[in-house]
Amino acid sequence: MANMTRRRTVELPDHPDFLWVAEQKPKKSYDVIIIGAGGHGLATAYYLAKNHGITNVAVIEKGWLAGGNMGRNTTIIRSNYLWDESAGIYDHSLKLWENLEEEVGYEMFFSQRGVMTLAHSVSDVRSKQRNFYANHVNAVDSVWLTPEEVKEIAPIVNISEDIRYPVMGATFQPRGGIAKHDWVAWGYAKAAADLGVDIIQNCEVTGFDIVNGKVKGVKTTQGDIAANKVGMVAAGHTSVLANMAGFDVPLQSRPLQALVSPLLEQVLDTVIMSGAVHVYVSQAHKGELVMGAGTDSYNSYAQRGGFHVIEHQLAAACELFPIFERAHLLRTWGGIVDIAPDASPIIGLTPVENLYINSGWGTGGFKATPGSGWVMAATIANGEPDALAKPYALDRFISGHLIDEHGAAGVAH
Amino acid sequence: MLHIPCPYCGPRDETEFHYGSEAHVAYPENSANLTDEEWAKFVFIRSNPKGWMAERWVHSAGCRRWFNVWRNTINHEFGPSYKPFTQQPKSPA
Ligand SMILES: Cc1cc2nc3c(=O)[nH]c(=O)nc-3n(C[C@H](O)[C@H](O)[C@H](O)COP(=O)(O)OP(=O)(O)OC[C@H]3O[C@@H](n4cnc5c(N)ncnc54)[C@H](O)[C@@H]3O)c2cc1C
Ligand SMILES: [Zn+2]
């Protein structure tokens with residue numbers, strides 16, 4: 001097959017416990033506490049230190065580093081959303097990705113192999129073309145592909161007209177791609193720790209110290225810790241934390257599942273998504289097919305979902321990619337994603353002074369890891385929303401300025 | 001797959017049902033006088049508890065009726081299910 005990405009043969013880094021102090025205990029107080037050592041929390045801490053010189057920072061994690069959605073996602077990176085606000089934050093993020101490995105000095109297998117989003121009906125074609133034109137207006141790279149062009153880039157796609165969901169066209173973002181998610185977390189953790197940030201694992205935040213509407217610190221399973229400012233970057237657990245701090249957030253926590261095949265010869269060197277049939281797939285560097293399923297329908301904190309959701313996605317995948325029929329299912333897993341009513345994130349101030357929120361990334365926040373950390377760090381450092389984060393304030397649900405990305409985000413990413 | 005206790009039919013596979021989110025969210029009575037904050041609360045805010053939750057399901061591929069049920073969001077265990085407009089059983093918590 002022409003154009004096949006060569007497997008990169010760099011040395012794999014050792015498991016990087018030594019990169020930060022694994023058994024770090026919390027100090028009595030910090031300038032800033034970040035709750036949650038997922039990608040977004042670690043990136044926030046890194047940019048607080050790097051961009052704003054704030055290094056007396058702790059990232060507090062109830063489990064282990066990147067044990068939440070950061071280590072469970074299907075790693076798709078792109079910035080071709082519909083609205084201007086989305087182009088702002090997601091493309092800023094993509095630009096940061098393009099230089100990230102060099103900046104933090106850590107291999108992340110960031111690979112701009114392109115992301116293709118298939119259209120399967122006349123209305124699907126129309127809405128994807130609208131998206132494609134909107135991307136052009138916002139200078140986000142985007143190409144419209146005919147079914148034949150889809151086949152040229154990805155020969156394993158079935159473009160025959162007589163399948164249940166025929167391929168009628170696709171948008172393609174050449175700058176999109178994938179990265180190795182655990183290494184992204186480790187890279188940020190290492191870079192943040194090098195700048196003086198404490199990373200504290202096995203430490204659950206169980207409450208807040210709030211005096212006269214102002215946060216003074218957090219209560220944890222390792223004791224009380226004082227802080228001038230606190231950032232909640234807790235993905236699926238954001239509602240639980242917000243309730244501890246005395247306010248509500250318009251989020252629902254739902255399971256989202258993914259699966260992998262065993263290691264296979266390279267058959268796919270791009271990323272293919274289909275919102276209509278709930279398929280998104282890429283082939284990781286080692287050779288496993290990585291696929292995401294839809295969200296389960298109900299609220300949950302259990303980090304698992306129903307197998308029928310996996311079956312549903314595999315049925316569609318096998319029709320679109322007949323060669324997959326011979327592959328085995330090696331492993332499935334789930335994460336808990338925080339879904340906002342408009343499928344866009346919630347970033348900024350909260351009703352509690354000096355307590356900041358970064359959440360609602362739902363099924364699609366991995367791609368935004370650098371940009372999310374960047375704007376969250378600026379928001380915390382300045383005490384007011386960063387320009388790119390401003391539209392994502394909690395009060396948009398009162399003003400009605402929703403950023404509806406259901407079409408572009410859908411169930412997929 | 002969940003095994004959901006329909007109060008009309010008994011336990012059935014999850015694939016026969018559709019989810020209806022939090023139960024007992026009533027349309028505001030004084031809707032003409034609501035502030036934007038109050039509308040936001042009614043339209044967008046649903047409780048998202050970690051633990052027992054009263055929620056709605058519709059048995060779409062069965063009796064086609066809506067009902068309420070207690071379910072634990074930590075481990076997916078079901079508590080009692082009950083018909084609309086009947087007394088809500090106490091939380092199993
Ligand atoms: C199966 C799956 C596939 C996905 N695929 C993609 C994809 O292809 N592309 C994409 O862009 N996005 C994808 N996503 C979404 C993406 O993973 C998330 O949006 C993103 O990881 C969320 O940010 P995070 O990394 O900071 O979250 P997390 O890694 O979940 O970090 C939150 C952390 O907060 C901690 N925490 C919670 N409560 C507390 C507390 N009380 N005290 C201390 N710590 C606490 C948690 O333990 C957790 O480690 C996917 C998600 C899933 C589950
Ligand atoms: Zn029934």
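Q: Helices (H or I, at least four residues) and strands (E, at least two) are DSSP runs, numbered from the N terminus; where is A:Thr75 found, then?
A: A:Thr75 is in the loop of chain A that runs between β2 (57-60) and β3 (76-77). This is a predicted model, where local features need pLDDT of at least 70, side-chain atom pairs need 80 or more, and totals for chains, interfaces and linings use all residues. Residues are numbered from 1 along each chain as written, chains are lettered from A and ligands numbered from 1 in the order written, and side-chain values use heavy atoms, without hydrogens or water.

Q: Thanks! Is A:Thr75 buried or exposed?
A: A:Thr75 counts as buried because its relative accessibility is 11% (buried is under 20% relative accessible area, exposed over 50%, partly exposed in between, with a 1.4 Å probe and protein chains only).

Q: And which residues is A:Thr75 in contact with?
A: Leaving out neighbours within four places in sequence, A:Thr75 is in contact (heavy atoms within 4.5 Å) with A:Gly177, A:Ile178, A:Ala179, A:His181 and A:Phe366. A polar atom of the A:Thr75 side chain also lies 3.3 Å from the backbone oxygen of A:Ala179.

Q: Nice. What about A:Asn131, where is its place?
A: A:Asn131 is in helix α3 (residues 122-137) of chain A, and with 12% relative accessibility A:Asn131 counts as buried too. Its side chain reaches the backbone oxygen of A:Asn80 at 2.9 Å.

Q: On to ligand 1: which residues come nearest?
A: There are 37 residues around ligand 1 (one of their heavy atoms lies within 4 Å of it), and A:Glu61, A:Asn69, A:Met70, A:Thr74 and A:Lys367 come nearest.

Q: Which backbone atom lies 2.8 Å from an oxygen atom of ligand 1?
A: That is a backbone N or O atom of A:Lys367.

Q: Switching to packing, which residues of α2(A) meet α8(A)?
A: From α2(A) come A:Ile89, A:His92, A:Ser93, A:Leu96, A:Trp97 and A:Leu100. They meet A:Thr369, A:Pro370, A:Gly371, A:Trp374 and A:Val375 in α8(A).

Q: Last one: how many helices and strands does chain B have?
A: Chain B has 1 helix and 6 strands, in the order β-β-β-α-β-β-β from the N terminus on. Its C-alpha atoms fill a box of roughly 45 × 25 × 25 Å along the principal axes, and 37% of the 93 residues of chain B count as buried.

Definitions and conventions. Polar contact = N/O pair within 3.5 Å; in protein donor to acceptor, adjacent residues only side chain to side chain.
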